[in-house]
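Trainee: Before we settle on any wording for this model, could we go through the terms one at a time and set each value against its rule?

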Amino acid sequence: MRFETMNHKRVTLFAGHYGSGKTNIAVNFALRLREGGSRVTLADLDIVNPYFRTKDSEAELTQAGVKLIVSRFAGSNVDLPAIPSDVAGIFDNRESLAILDIGGDDRGALALGRYRERILEENDFEMLLVVNRFRPLTRDGKDTLSVMREIETAAGVPFTAIVNNSNLGEDTTPEHVLGSLSYAEELSKATGLPVKFTSIKRSLYPALEGKIPNLFAMDLQHKII
Amino acid sequence: MTEPVLMKGNEAIAEAAILAGCRHYLGYPITPQTEIAAYMAKRMPKVDGVFLQAESEIAAINMVIGVASTGRRVMTSSSSPGVSLKSEGISYLAGCDLPALIVNVQRGGPGLGGIQPSQSDYFQALKGGSHGDYRNIVLAPASVQEMAALTVKGFDLADKYRMVAMILADGTLGQMMEPVSISEPEAASTEKPWALTGTDCKRAPNIVNSLYLEPDALERTNIERFKKYALVEENEVMYEEYLMDDAELCLVSFGITSRIAKNAIVAAREMGIKAGMIRPITLWPFPKTALLAAADQCRAFISVELNMGQMIEDVELAIRCKKPVFLCNRTGGMIPTPEDVLAKIKEVNKIGGAQA
């Protein structure tokens with residue numbers, strides 16, 4: 001299925017283990033939805049990590065017409081777990097699609113509890129579990145499942161699908177991605193949740209096109225080193 | 001864990017420590033090294049180890065002294081202001097000849113400073129930092145893989161010489177993710193007959209102590225200890241030479257900045273400037289001999305650092321001021337781009353050696 005024809009909910013939330021790739025996916029996801037002509041708001045709810053934030057892509061997002069809601073302290077020296085007040089507006093203005101980038105693990109997902117009732121009441125959301133089998137603490141289905149349950153308990157919002165973002169950074173080969181499919185499948189079976197898509201860096205797309213359903217090609221956030 | 005995984009530098013330190021046999025982590029959270037504590041909190045209970053978040057950095061370092069006294073592998077980690085708080089304990093470890101691993105994932109200073117990367121604790125790590133005549137072995141990783149490898153190495157060296165080994169990293173190395181392969185190291189079998197393990201009424205009690213009632217006894221101890229330090233300087237220097245065979249300009253850089261310097265050196269060589277680099281992997285012992293030899297070959301040196309110029313003093317000392325040493329730096333949490341370093345190389349190439 002192509003991204004454009006996927007059934008997108010009004011609110012899409014990306015949660016998962018620390019360092020699983022949520023922010024990169026959220027930024028790319030927001031840009032792709034915007035390309036399709038929708039009004040898109042991306043909200044950064046990360047209260048755990050002061051680094052690697054949606055703010056790093058602010059110029060690109062703003063230029064594309066994606067509304068970014070992010071703490072003005074993100075990327076600064078102010079290491080504050082702050083959420084801007086206008087995040088609440090996301091649930092009042094339902095004309096815009098909303099993408100929520102949640103902080104890592106259960107600690108990050110706690111921030112979601114505050115909006116839980118609004119999300120459940122509107123009941124038009126997709127809560128995506130981002131997984132990377134090359135991360136040391138989520139290498140198999142069992143460990144990933146326990147991280148998932150911790151996040152659900154903290155967030156109070158149930159997951160609805162899985163995003164397989166298995167990668168080794170710049171060193172990722174098509175074989176790494178193909179080799180991760182059984183892991184995603186195992187997780188899918190254990191949870192009863194479908195794999196919504198498999199995200200890859202754009203350069204791998206030609207090698208994997210047609211081999212994996214629902215491929216999502218991404219541009220990675222700028223790196224200095 | 002031989003298959004590569006994608007890890008943050010902080011996580012790689014934590015996992016490598018566990019594989020090296022460390023079962024006691026005592027710390028207190030501070031950005032940008034908190035992932036070490038978070039990872040230990042998850043992993044230590046699974047390997048029957050101890051993760052303990054102390055009430056402060058000072059409490060944590062004193063717990064390290066306690067565990068180290070028993071001969072068990074022990075570590076703590078922090079970032080710049082937190083390491084300042086630990087400094088008294090570091091001197092006590094040195095005075096008691098106790099092995100321990102201390103990690104500093106540096107951030108901008110002085111004071112509370114900021115949370116972005118820096119190398120401005122070089123003086124603190126190498127020039128005392130705490131009171132008394134002592135040295136720490138200081139290791140400077142430049143990749144996530146080296147964060148793991150030097151953690152294992154640090155434990156081994158600490159045990160071998162009964163010294164503190166410090167990993168001097170920075171916020172970028174702590175936070176960045178890279179593929180890393182960590183395998184179980186060969187079991188290091190350092191006997192620790194000095195450790196406080198109980199006498200079983202079969203031997204005289206061991207004593208771990210840094211108080212000497214007679215000044216001449218303290219002097220003798222210090223002089224003996226410095227013989228040990230001389231051995232470390234003789235045997236444990238580690239550095240990497242990069243394109244030094246025909247180099248006329250020698251960059252000196254450690255940690256994350258050495259990677260930026262490498263990019264700049266490649267660009268400089270494309271322009272016909274023969275630049276190379278000596279990258280200290282051990283900051284103490286410092287690669288003095290290699291640098292002094294380079295002084296006969298090169299016209300000038302450039303010290304690339306994330307501070308106002310700290311290692312540059314050791315470069316000047318090592319080369320006995322035979323050639324001019326220039327500084328290429330950013331500070332306060334800022335990082336130079338390869339273009340910044342290249343601009344410095346070009347500038348020094350024009351004037352380099354003229355002032356010698």
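Trainee: What makes the crossing of α1(B) past α2(B) right-handed or left-handed?

Mentor: In this predicted model, where local features need pLDDT of at least 70, side-chain atom pairs count only at pLDDT 80 or more, and totals for chains, interfaces and linings use all residues, α1(B) passes α2(B) in a right-handed crossing. A crossing is right-handed if the near helix is turned clockwise from the far one by less than a right angle, and left-handed if anticlockwise. Residues are numbered from 1 along each chain as its sequence is written, and chains are lettered from A in the order in which they are written.

Trainee: Why are α1(B) and α2(B) called oblique to each other?

Mentor: Helix α1 (residues 9–19) of chain B and helix α2 (residues 34–43) of chain B pack at an angle of about 40 degrees, with their axes 8 Å apart. Angles under 35 degrees count as roughly parallel, over 145 as roughly antiparallel, 65 to 115 as roughly perpendicular and the rest as oblique, so the pair is oblique. The axes are lines fitted to C-alpha atoms over the stretch in contact, with angles from 0 to 180 degrees between N-to-C directions.

Trainee: Which residues make that contact?

Mentor: From α1(B) the contact takes B:N10, B:E11, B:I13, B:A14 and B:I18, and from α2(B) it takes B:E35, B:I36, B:Y39, B:M40 and B:R43, where two residues are in contact if their C-beta atoms, placed from the backbone, lie within 7 Å. These residues divide into six nonpolar, one polar and three charged.

Trainee: Why are α1(B) and α6(B) called roughly parallel to each other?

Mentor: α1(B) and helix α6 (residues 144–161) of chain B pack at an angle of about 30 degrees, with their axes 8 Å apart, and the pair is therefore roughly parallel. The crossing of α1(B) and α6(B) is right-handed.

Trainee: How do you know that the radius of gyration of chain B agrees with that of a compact globule?

Mentor: The globule rule is 2.2 Å times the number of residues to the power 0.38, with the radius taken over C-alpha atoms; for 356 residues this gives a value near 21 Å, and chain B has 21 Å, so the two agree.

Trainee: What percentage of the residues of chain B count as buried?

Mentor: Of its 356 residues, 54% count as buried, which requires that 20 or more other C-beta atoms lie within 10 Å of the residue's own.

Technical notes:
Helices (H or I, at least four residues) and strands (E, at least two) are DSSP runs, numbered from the N terminus. Ala, Val, Leu, Ile, Met, Phe, Trp, Tyr, Cys and Pro count as nonpolar, Asp, Glu, Lys and Arg as charged, and the others, Gly among them, as polar. A residue is buried if 20 or more other C-beta atoms lie within 10 Å of its own, exposed if 12 or fewer, and partly exposed in between; C-beta atoms are placed from the backbone.
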